[in-house]
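Here is a friendly walk through one protein chain, from a single side chain to the overall fold. Please keep the sequence and the model open beside the text.

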Amino acid sequence: SLMQALLFLLTAALSPAMENMFLNQCVMATNDKQACSCAITQLNGKYNEKTFLALQMGTLSEKEEQEILQDLFLTASDCFVQKECASEISFIVGEQEANKICHCAVSKLKKMEKAEQAAFLTLEGNFIAENEKKFEEIVMREIYPCLPKKLTPIMRENLISECAKETHHVEGKKICACITDEIFKKYSLTEFFRDTFGNSPSLDELMAKSTEKCLQK
């Protein structure tokens, strides 16, 4: 379970062997080596052997134990949320920019009210599936202020490439470049993200009109 994996996070401070043990346990639980490595990097050295042994033996006060476990959970969660966030938007912004944007968004999520956190997580840190939509809305809301102010050349190329994959037209890239430029005459980058991930009919309508216009050129 994730909580068991979190307990192994403490062992990362003990030795390389223990660090590898956590990594293996974490990857088995999550199938996400990148996020697990991220969690190890952030927590390695933060807790010493004395603290780990006290937690294992149950000699810490309830308050101290809760504070440590909460820190472990939130640190690991940050890594997993950032990984998921980046995987969702990298096809538009590129991997490097996605990591930068999502790091910014996760920093904002850390400051989120605990009541709002509780809207999509149980006390044990397990995800509440029925609140998936609310979770996505919260994450996307925090992403918007972290986006570049306008479409970058790399983002434009990525969108053109994604569009060209969907068309079999001999001049697919040229047409897709035209469609992309038409869309961003009307849309800001934030509006584009909002309507792309919100499955907006307005964006679908604009894309259809832009496609028709560009095919006639």
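Phe 91 sits in helix H5; helices here (H or I, at least four residues) and strands (E, at least two) are DSSP runs, numbered from the N terminus. The model is a predicted one, in which local features need pLDDT of at least 70, side-chain atom pairs count only at pLDDT 80 or more, and totals for chains, interfaces and linings use all residues. Residues are numbered from 1 along each chain as its sequence is written, and side-chain values use heavy atoms, with hydrogens and water left out.

Beyond its neighbours within four places in sequence, Phe 91 is in contact with Asn 158, Glu 162 and Phe 197, where contact means heavy atoms within 4.5 Å. Leu 159 is 68 residues from Phe 91 along the chain, yet the two C-alpha atoms are separated by 7.8 Å.

## The nonpolar cores

A nonpolar core is a set of buried Ala, Val, Leu, Ile, Met, Phe, Trp, Tyr and Cys residues joined through side-chain atoms within 4.5 Å. The largest one has 32 residues, and those touching the most other members are Ile 89, Val 93, Ile 101, Ile 143, Ile 183, Phe 192 and Phe 193. At least two residues of this core come from each of H5 (62-93), H6 (95-110), H8 (132-143), H9 (153-166), H10 (172-186), H11 (189-197) and H12 (201-215). Another core lies apart from it and has nine residues, including Cys 36, Ala 39, Ile 40 and Ala 76.

Which residues does Ile 89 contact, leaving aside its neighbours within four places in sequence? They are Gly 94, Ala 98, Ile 101, Cys 102, Phe 193 and Phe 197.

Helix H11 deserves a look of its own. Leu 189, Phe 192, Phe 193 and Asp 195 are buried in H11. After H11 comes Asn 199, with a positive phi near 50°.

## Rings in pairs

A pair of aromatic rings is described by the distance of the centres and the angle of the planes. Rings of Phe, Tyr and Trp (its six-membered ring) pair if their centres lie within 6.5 Å; planes under 30 degrees apart count as stacked, over 60 as edge-to-face and the rest as tilted. By this rule there are two aromatic pairs. One of them joins Phe 184 and Phe 192 in a tilted arrangement, 5.0 Å centre to centre with 50° between the planes. Both Phe 184 and Phe 192 are buried.

## A cysteine in a loop

Cys 146 belongs to the loop between H8 and H9. Because its relative accessibility is 11%, Cys 146 counts as buried. Leaving aside neighbours within four places in sequence, Cys 146 is in contact with Ile 101, Cys 104, Ala 105 and Lys 108. Thr 190 is 44 residues from Cys 146 in sequence, and their C-alpha atoms are 9.6 Å apart.

## Charged pairs

Side chains of opposite charge can pair when their charged atoms come close. A salt bridge is a side-chain nitrogen of Lys or Arg within 4 Å of a carboxyl oxygen of Asp or Glu. The whole structure holds seven salt bridges, including those below.

| Salt bridge | N to O distance |
|---|---|
| Glu 157 and Arg 156 | 3.7 Å |
| Lys 185 and Glu 182 | 3.0 Å |
| Arg 194 and Asp 195 | 2.9 Å |

Arg 194 is partly exposed, with a relative accessible area of 41%, whereas Asp 195 counts as buried at 9%. Salt bridges that share partners link Arg 156, Glu 157 and Asp 181 into one network.

Lys 185 and Glu 182 are both in helix H10, three residues apart, about one turn of the helix. Lys 185 is exposed with a relative accessible area of 59%, while Glu 182 is buried at 9%.

## The whole chain

How many helices and strands are there? The chain has 12 helices and zero strands. Of its 217 residues, 38% are buried. Among contacts with a separation of 6 or more, 60% are between residues 24 or more positions apart. The chain exposes about 13,200 Å², of which carbon and sulfur atoms supply 53%; accessible areas come from the Shrake-Rupley method with a 1.4 Å probe, and for residues only the protein chains shown count as cover.

Note on methods: Buried < 20%, exposed > 50% of the residue type's maximum accessible area, 1.4 Å probe, protein only.
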